[in-house]
Amino acid sequence: MLFSQKTKGFFVELNDHAVMLARTSAPLAPFTVEDMRECAPNDPAALAEALNQIQPKKGPSGYLHATVGVFPGKRLVRRHSLELKRVKEPAYFAEVCSQQFRIEQDKYTLAILNANDGGDFDVNKATQKDVIFCGLPIEDANAMQASLLESKIYPERLELGSVAALGGVVDCLAHSKSKAPTLVLEIGADATHSFIVTPNGVEASRPIPQGLDAMVPIVQKELGLKDEESARKLFYSNTFDFTGMGPLLIKRLLKELQSSIGFYEVQTGQSVGQVLSTQLSPKLAWLDTAIAGALGVASLKLDPVPWLQARNVTLPEALAKNAQDIRWFGLLALMVQHHVVHAVPAEEKK
């Protein structure tokens with residue numbers, strides 16, 4: 001039977017390495033994931049083909065109506081402790097944005113969430129000082145929406161992929177009763193977003209102006225390559241085993257991570273026990289192992305299937321293997337975060 005679009009759910013994640021797509025049996029859980037596909041970014045023909053496959057029967061508009069997760073370069077996802085006595089001052093939030101995050105509040109579309117459960121921060125009931133500022137430049141939001149529409153994707157909901165993924169990791173840790181503070185990394189070309197999360201929420205955040213591109217000149221120097229472009233091609237190609245060079249390539253990034261972890265451990269008395277890199281292409285997956293090894297912690301392998309099941313998202317066996325690959329986690333987390341962010345149920349806290 002041909003399905004009508006209204007009876008299905010569609011989810012799309014656009015990150016630096018891929019466009020990930022999924023179709024579910026209903027727009028809201030409970031539902032079953034029916035199909036998962038990916039294609040290369042910035043390839044309109046590949047995306048059009050993937051959209052045809054994920055939605056064989058077009059809706060009347062010809063657009064895929066979807067919940068969309070994005071990772072804009074200038075995204076803001078920062079934990080901050082508010083001065084509760086000042087939250088009702090008209091200029092207070094603009095001051096936090098300019099002094100703490102070096103951004104202009106009126107040029108960003110922003111949301112403020114409670115750091116422990118991801119719920120919206122309510123200025124009138126401000127009892128909890130620890131919050132997460134989330135946002136992106138208004139200009140970027142408009143450009144992304146225009147680009148999605150041009151690709152025949154209608155974003156019914158546009159989310160920061162980082163927020164959905166972090167909410168997913170927190171909830172997944174709580175469900176599996178893992179108490180170890182976890183370092184979550186989103187390593188991009190120009191910068192790395194680092195977070196420390198526990199089942200109680202996002203405990204720390206730090207943007208680090210060190211990304212993959214900073215490793216390219218080191219590759220060039222170490223391998224004696226004639227120019228940076230050759231080094232870049234080799235680094236991103238997976239035709240050379242960089243594992244041995246790993247400690248050298250991550251040296252500067254590692255210094256920043258150790259500083260963040262040290263500060264957190266002194267503040268809380270808790271040790272970070274594992275690391276999870278959510279945004280690496282398969283060709284660069286060795287970086288996660290290199291970072292974990294250098295930090296002396298475990299590389300976290302998440303199995304989201306039992307967690308998804310508990311949140312009324314069923315993955316058939318044929319797609320469960322996909323779910324074991326961390327690259328799909330953000331898309332799966334969008335499905336759960338789409339309708340509610342779960343605080344830890346009482347029976348799971350015991």
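Helices and strands in this talk are DSSP runs, with helices being H or I of at least four residues and strands being E of at least two, numbered from the N terminus. By that naming, Arg102 sits in the loop between α2 (92-100) and β6.

Good morning. The structure before you is a predicted model, in which local features need pLDDT of at least 70 and side-chain atom pairs count only at pLDDT 80 or more, while totals for chains, interfaces and linings use all residues. Residues are numbered from 1 along each chain as its sequence is written, and side-chain values use heavy atoms, with hydrogens and water left out.

Let me begin with the backbone. Arg102 has a positive phi of about 55°, although it is not a glycine. At 67% relative accessibility, Arg102 counts as exposed. Here buried means under 20% relative accessible area, exposed means over 50%, and partly exposed lies in between, using a 1.4 Å probe and protein chains only. Asn42 also shows a positive phi in a residue other than glycine, near 55°. Asn42 belongs to the loop between β3 and α1 (44-54), and its relative accessibility of 80% makes it exposed. A further backbone feature is the peptide bond from Ala29 to Pro30, which is cis, with omega near 5°. Pro30 is in the loop between β2 and β3.

I turn now to the interior. A nonpolar core is a set of buried Ala, Val, Leu, Ile, Met, Phe, Trp, Tyr and Cys residues joined through side-chain atoms within 4.5 Å. The largest such core has 46 residues, and those with the most contacts inside it are Met36, Val169, Val197, Val313, Leu315, Leu332 and Met335. The elements that give two or more residues to this core include β2 (19-24), β3 (31-39), α4 (161-175), β10 (192-198) and α12 (329-337). Which element gives the largest share of this core? The answer is α12, with seven residues.

Contact means heavy atoms within 4.5 Å. Leaving aside neighbours within four places in sequence, Leu315 is in contact with Val33, Met36, Val305, Leu308, Ala320, Ala323 and Leu332.

Next, a pair of helices. The axes of α5 (residues 216-223) and α6 (residues 228-237) come within 8 Å and cross at roughly 105°; axes are lines fitted to C-alpha atoms, for helices over the stretch in contact, and angles run from 0 to 180 degrees between N-to-C directions. That makes α5 roughly perpendicular to α6, since angles under 35 degrees count as roughly parallel, over 145 as roughly antiparallel, 65 to 115 as roughly perpendicular and the rest as oblique. On the α5 side, the residues that meet α6 are Val216, Pro217, Val219, Gln220 and Leu223. Their counterparts in α6 are Glu228, Ala231, Arg232, Leu234, Phe235 and Tyr236. By class, this contact has eight nonpolar, one polar and two charged residues. In that count, Ala, Val, Leu, Ile, Met, Phe, Trp, Tyr, Cys and Pro are nonpolar, Asp, Glu, Lys and Arg are charged, and the others, Gly among them, are polar.

Gln279 is in the loop between β12 (274-277) and α9 (286-295). Is Gln279 buried or exposed? At 10% relative accessibility, Gln279 counts as buried. Its contacts, leaving aside neighbours within four places in sequence, are Glu13, Asn15, Asp16, His17, Phe71, Leu185, Glu186 and Ile187. Gln279 and Ile326 are 47 residues apart in sequence and 8.2 Å apart in space, C-alpha to C-alpha.

Asn114, in strand β6, is buried, with a relative accessible area of 13%. Not counting residues up to four places away in sequence, Asn114 touches Gly119, Asp120, Phe121, Gln128 and Asp130. Ala126 lies in the loop between β6 (108-114) and β7 (130-137), and is partly exposed, at 22% relative accessible area.

Finally, the cysteines. A disulfide is a covalent bond between the sulfur atoms of two cysteines. The rule applied here asks for a pair of cysteine sulfur atoms within 2.5 Å. How many disulfides does this rule give? The count comes to zero. Cys172 is buried, at 3% relative accessibility, but its sulfur is 20 Å from the closest cysteine sulfur, in Cys134, and therefore too far for a bond. Cys39 is buried as well, with a relative accessible area of 9%.
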